[in-house]
Structures are given as structure tokens and as C-alpha cells.
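Have a look at the fold first, then we'll walk through it.

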Amino acid sequence: MPDCYIMTSENPRPQSYIAEAADQRQALAAYQRTDPTAYLLDCDEYWKAEVARTLAKFPLTRVTERFYTHMLGVLPPIYSRFNPGWFVGEAVVERVYTQFIEHNGRFYAGYANLGPGGRRWQIADIEALEATGTATEVDWFPSET
């Protein structure tokens, strides 16, 4: 059995980590004495879901110049010759970073996955966002992030 976390229905965050398959059933049984809703969740499955939840919290969004400029000075930026803009130099979770792009005098940001095969924002995404006519500008991260 792969490495697992003990999870509960009350808390979306792992309660404990168990590496050895022989220990998982014992650890779960012990935890269930205090919380019968506890269950085991494969670590890889947890992190895939956590990355998906995080990416959904801050999709590509038009941001103010003040927000863009402020974030440029928070941590050293990461630049990639294959992606427009820059990334904040610290991950939000796993390989998810905040990506900022300046395009046609406007500023954009959103969470991007720098992991293998992950989603990064491109100029075509900005143009598609603007084409909808529904883009609004935010001055800080959404409250749910």
C-alpha cells in the first residue's frame, strides 16, 4: 500500500502521515477511537486534489498595476524563457506558483502549475479572457486563496 495520510470528515487537511503499510491499519484504528470518521487517503491522490483546488482559486485574472508592482518586490521573481511574465519565487503549494504577465498595458495574474505537464498562462489565454468582455480587475488575491 502506498504512503497515506489519515484524514477526517471534519478537516480537509491531513491529520497524520503513515509510510509503512503494516502501520497504516493500526494507526487508523487508533485514530478512529477518538474520531470515527477518520479514513486513509493515498498521499499522491491528496496532492493531486490539493493542486487542482489551489489552481481553481485564482484563475487568470486582470490585476491592478499596484498589485503587479507590489508582488514584483515581495520575493525574487522566477523568469522562464518559455512562458510570458514571471512567477513569484515561492510556491503556493507543490509546484503551483503565482504567474504575473504584463500585456498591452494591462496586468494579469493567476496560479500556474510548473510541474510536468502543468498549466501556465500564455498571451493567447489573456486575449481569450479579454475577448469575453467580462474581465474585471482585482487589487489583491481573492479572499479564498
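β6 and β7 run antiparallel and are joined by eight bridges. Bear in mind that this is a predicted model. Starting from that pair, here's how the rest lines up.

**Around β6 and β7**
- The two strands make a hairpin with two residues between them, and N104 in the turn has a positive phi of about 50°.
- How many of β6's residues are buried? Seven of its eight are, so the strand is mostly covered.

**Helix α3**
- α3 spans residues 65-72, and its buried residues are F67, Y68 and M71.
- Looking down the axis of α3, these fall within an arc of 100°, so they line one face of the helix.
- What do they pack against? The partners are β4 (61-63), β5 (86-87), β6 (96-103), β7 (106-113) and β8 (137-138).

**The three-stranded sheet**
- A separate topic is the open sheet with strand order β2-β1-β3 and antiparallel pairing.
- β2 (11-18) and β3 (39-42) are the edge strands with a single partner each, so one side of each has no neighbour in the sheet.
- Ignoring direction, neighbouring strands here are turned by 40° against each other on average.
- β1 (residues 4-8) pairs with β2 over four bridges, antiparallel, and C4 has I18 in β2 as its bridge partner.
- Helix α2 (residues 43-57) lies across β1, β2 and β3, at about 75° to β3.

Definitions and conventions:
Residues numbered from 1 in each chain as written. Predicted model: local features only at pLDDT ≥ 70, side-chain atom pairs only at ≥ 80, totals over all residues. Heavy atoms only, no water. Buried < 20%, exposed > 50% of the residue type's maximum accessible area, 1.4 Å probe, protein only. Arc of directions from axis to C-beta. Contact = heavy atoms within 4.5 Å. Pairing = 2+ DSSP bridges. Axes fitted to C-alpha atoms, helices over the stretch in contact; angles between N-to-C directions.
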